[in-house]
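Subject: Structure for your files

Hello,

Here is the structure you will be working with.

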Amino acid sequence: MNSRKLLSETRRTFPATKVHCQQPARILIVDVTSPSQTNTCSVLSEALENTLCLACALTGTCRVPLLSLYVVQNQQECLLPFTQVKENFARIQACISELRSLPREGSFPQRGHGVVQAVQDGLQQFKQYSRHTAAGSSTNSSVEITILTSQSIKEMVKQLEKKLKEIDLVSLRRIQVIEVLKRDFLEPEDAEQCVPAEEPSSNDVAILGMDIDVQTIEDNVISLEMLFKTWLHDYGTEREHLHLLLPSGGFSHATAPRTTLMCLKCDLQERLLDPALLSGTADGTMRAVDLNSPCQMAAWPATVLYKLRVIKALKSEGVCESVLYGLPFIIKPTTCWQLDWDELEINQHSFHALCHSLLKRKWMLLAKREPQNTSPNWNIMVHSYYIIIPSDSATLLVKAVAIRELLLPSTFPALLAEQPERVHGPIESALNSLEVEVAYNPLHLKSNLYKYLKSMLYKPLHRQQAQPRDQRPERHQPKQHQSRAKATVAPLLMAPSPAQVFRPPAVRRDSCERSLLPKEYDEFLQ
């Protein structure tokens, strides 16, 4: 993204105060014009609903703050104008139900420009929404657009390049064009990878002064769910998250001054969601991560700069897993846009060299967390330690390791060399009956967590019952019959109810240039 490539001529410091994490607003555009999408809306709806129930249930700042949903049939429709995801799960769930039912009405002829028009409407809607909420404290300054289609990606990109040249793209952070294919249409090498990569692929297309992320994924719930779950990651690139401090290699370990350190600037990424942050999953209590705690780190929200100073190298076979605790975090070279290109490149190459050398030597690193707060209030500093583990990829894994004060005495009796046959035989028989897998795949296990969270979050809105789709008034009235107030308020309203979802036609730019008066808003709702 170009937002990561801007140069910075000044160095900056990291404030100790907490800042709000600025996640982008989301526009999801679903293209259902292709006849091959008979089942896509069903699996897409389930994947989207699963992801958003997690976003709503997680404590703290919502990771998907705003969502707008478009569907492209014979023309684009806005199923869900920009809505705050938190506390609005019932409304969002109703719109997803509308999306789920669309294939039953048949497919629509491809007209080529419906997706581009949806992009234009979405950007105009975001511009107007931002203007109306500028006085608030939770203004989102950027938006990302995800397009799901079964059409040719190349053709879609050509349409975007042609039609969006004159559109204001200042607030647009990224466009993702996702081609959803059934397994029969996938190449053999693509069919093996059902889950989309979390990082932009090498097929990024640079147009309009920005990158278009192009991906191809399989038409199933897991693939789409993992795509939507990338929304839950921290997308802030204002700062790096972690400084990994290594001793300089210019001196021996005995004579090197302690102030001579090599600094690798890194970002932290969650590997798992913390179950304790999901409301109602344990004992009904909720907790937030204490950023000042000396015994834990947090990749969300990324408001603190952590410093880990490497003090020792450890043989991989010499680390017992019983002394590792807490959630793991993935360490990557930073993508902070405030660093200049040369520094980013050197930092990335140094990080890759470290990963390669650790893997070759079969080493892990023992690191000590540098104090976060050096104010006089902290008379006694509590230190925490971490193990840094290499992998085959260009990433490192970090986990907290036990210290003397936390360790409890344990006895480990010696294992007998031989066991009586009367017990050895039944145990062997039981083990032989088990199915053996080469590797553990967490995607194969479900815990009914989604069902539980949906039941906890669902708060039915007491409105009129939904009319059958064939009895509803025509959604697309001619533009000349739409009042100016309706044309203005259409992209700004939250969906009125799960039973009566408002779908505005394509938004006229001239009608979105003024604010809606409270009186007009009330008249529209009536």
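Helix H3 passes helix H4 in a right-handed crossing. This is a predicted model, and everything here is computed from it. H3 covers residues 114–132 and H4 residues 153–163; their axes lie 9 Å apart at an angle of about 50°. The two helices are therefore oblique to each other. On the H3 side the contact is made by Val115, Val116, Val119 and Gln120, and on the H4 side by Met156, Gln159, Leu160 and Lys163. Sorted by class, that contact has five nonpolar, two polar and one charged residues.

H1 contributes Glu49, Asn50, Cys53, Leu54, Cys56 and Ala57 to the contact, while H9 contributes Tyr450, Leu453, Lys454 and Leu457. By class, the H1–H9 contact has seven nonpolar, one polar and two charged residues.

On the cysteines: the structure holds zero disulfides. For cysteine 53, the nearest cysteine sulfur is that of cysteine 56, 7.8 Å away. A disulfide needs the two sulfur atoms within 2.5 Å, and cysteine 53 is in no disulfide.

If you plan to look at cysteine accessibility, which class does cysteine 53 fall into, buried or exposed? Its relative accessibility is 0%, so cysteine 53 counts as buried. Cysteine 320, with a relative accessible area of 44%, is partly exposed.

Regards

Methods: Residues are numbered from 1 along each chain as its sequence is written. This is a predicted model: local features need pLDDT of at least 70, side-chain atom pairs count only at pLDDT 80 or more; totals for chains, interfaces and linings use all residues. Side-chain values use heavy atoms; hydrogens and water are left out. Buried means under 20% relative accessible area, exposed over 50%, partly exposed in between (1.4 Å probe, protein chains only). Contact means heavy atoms within 4.5 Å. Helices (H or I, at least four residues) and strands (E, at least two) are DSSP runs, numbered from the N terminus. Ala, Val, Leu, Ile, Met, Phe, Trp, Tyr, Cys and Pro count as nonpolar, Asp, Glu, Lys and Arg as charged, and the others, Gly among them, as polar. Axes are lines fitted to C-alpha atoms, for helices over the stretch in contact, and angles run from 0 to 180 degrees between N-to-C directions. Angles under 35 degrees count as roughly parallel, over 145 as roughly antiparallel, 65 to 115 as roughly perpendicular and the rest as oblique. A crossing is left-handed if the near helix is turned anticlockwise from the far one by less than a right angle, and right-handed if clockwise.
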